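Subject: Structure handover

Hello,

Please find the structure below, for your files. My notes on what was found in it follow directly after.

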Amino acid sequence: MDQIEGHEVRRPLPRRLSGSWATLYSLASTKEQLVLTVTRAFFRGATAEIEQAVQAEPDPRQRIRVYLAGVGTAMSRHSHAFYDDMVGYEPTAQIYRKNSAAAARRVHELIEEGVQAGAFRVLNGHFAAQVVAVTIDAVQSGVLLERTGLTAGDAFSELGDLLLDGLSPGHGAFASPSTAARSPRDQA
């Protein structure tokens, strides 16, 4: 931001990016298309960065932690105002929902890979992935952060810890409802 007589003045976007309007409009012909292009590019770049880090991690347990920490880092790069604008404009809200669903699918894949490797107990990976998706939304809406006092990055790290401790063999391995012992009241 520039200063004029003690007041902060926001510079035009091309100047802040060290470019011109012509350069920006070479990417998209309207402001709306530019917003969509920037939003898609954000998610594409974040996904590539996160996947590179995940692929570099050989431990199936840590791969989930790396993935969730990457999501936290990527999503913390923008403000609550950016998030509000993104979900408030239907075309970018669709992009966000598509990417949140992809994140849930990816967590499900990572869980299944961990089950196959023997790093996790057998469980409903789809359910765990949906818990992650709901948490991503709660973090980004600010509701979870407001209620916990955590930053987005910290919330995703905590989610990774919570999820991994619940997936660990021997930890939290509860009998399924169909095989759990019934209480005397249930047997009546």
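Phe43 has a relative accessibility of 8% and therefore counts as buried, the limit for that class being under 20%. Phe42 also falls in the buried class, because its relative accessibility is 18%. Please bear in mind throughout that this is a predicted model.

How many aromatic pairs does a search of the whole structure find? The search gives 3.

Overall layout

The protein has 188 residues, and 32% of them count as buried. There are 2 strands and 10 helices. Read from the N terminus, the order of elements is β-β-α-α-α-α-α-α-α-α-α-α.

Salt bridges

Side chains of opposite charge can pair when their charged atoms come close. The count for this protein is 7 salt bridges.

One of them is between the side chains of Glu49 and Arg77, at 2.6 Å from N to O. Glu49 sits in helix α3, while Arg77 is in the loop between α4 (60-75) and α5 (80-88); the two are 28 residues apart, and the pair links distant parts of the chain. Glu49 is partly exposed, at 42% relative accessibility. Arg77 is partly exposed as well, with a relative accessible area of 46%.

A salt bridge is also formed by Arg65 and Asp161, whose closest N and O atoms are 2.1 Å apart. Because Arg65 belongs to helix α4 and Asp161 to helix α9, this pair ties together parts that are 96 residues apart in sequence. Arg65 has a relative accessible area of 23%, so it counts as partly exposed. For Asp161 the value is 31%, which again means partly exposed.

Glu90 and Arg97 meet through their side chains in a salt bridge of 2.5 Å, N to O. Glu90 is partly exposed at 41% relative accessibility, and Arg97 is partly exposed at 44%. Elsewhere, salt bridges with shared partners join Glu51, Arg63, Arg106, Glu109 and Glu113 into one network.

Positive patch

Which residues gather in a patch of positive charge on the surface? They are Arg40, Arg44, Lys98 and Arg105. The elements that contribute two or more residues to this positive patch are α3 (31-56) and α6 (90-116). Lys98 has its place in helix α6. With a relative accessibility of 62%, Lys98 counts as exposed, because exposed is the class for values over 50%.

Is Ile111 buried or exposed? Its relative accessibility is 0%, so Ile111 counts as buried. Leu163 is in helix α9 (residues 152-167) and is buried too, with a relative accessible area of 12%.

Ile111 and Leu163 are separated by 52 residues in sequence, and their C-alpha atoms are 10.0 Å apart in space. Between Ile111 and Asn124, which are 13 residues apart along the chain, the distance from C-alpha to C-alpha is 9.2 Å.

Thr151

Where does Thr151 lie? Thr151 is in the loop between α8 (143-148) and α9. Its relative accessible area of 45% makes Thr151 partly exposed. The C-alpha atoms of Thr151 and Val139 are 8.6 Å apart, and 12 residues separate the two along the chain.

- Glu49 and Arg77, 2.6 Å, N to O
- Arg65 and Asp161, 2.1 Å between the closest N and O atoms
- Glu90 and Arg97, 2.5 Å, N to O

Best regards

Notes: Residues are numbered from 1 along each chain as its sequence is written. This is a predicted model: local features need pLDDT of at least 70, side-chain atom pairs count only at pLDDT 80 or more; totals for chains, interfaces and linings use all residues. Side-chain values use heavy atoms; hydrogens and water are left out. Rings of Phe, Tyr and Trp (its six-membered ring) pair if their centres lie within 6.5 Å; planes under 30 degrees apart count as stacked, over 60 as edge-to-face and the rest as tilted. Buried means under 20% relative accessible area, exposed over 50%, partly exposed in between (1.4 Å probe, protein chains only). Patches are made of residues with over 30% relative accessible area and no salt bridge: like charges are joined within 9 Å, nonpolar side chains (Val, Leu, Ile, Met, Phe, Trp, Tyr) within 5 Å. Accessible areas come from the Shrake-Rupley method with a 1.4 Å probe; for residues, only the protein chains shown count as cover. A salt bridge is a side-chain nitrogen of Lys or Arg within 4 Å of a carboxyl oxygen of Asp or Glu. Lys and Arg count as positive and Asp and Glu as negative; His and the chain ends are not counted. The place of a charge is taken as NZ of Lys, CZ of Arg, CG of Asp or CD of Glu. Helices (H or I, at least four residues) and strands (E, at least two) are DSSP runs, numbered from the N terminus.
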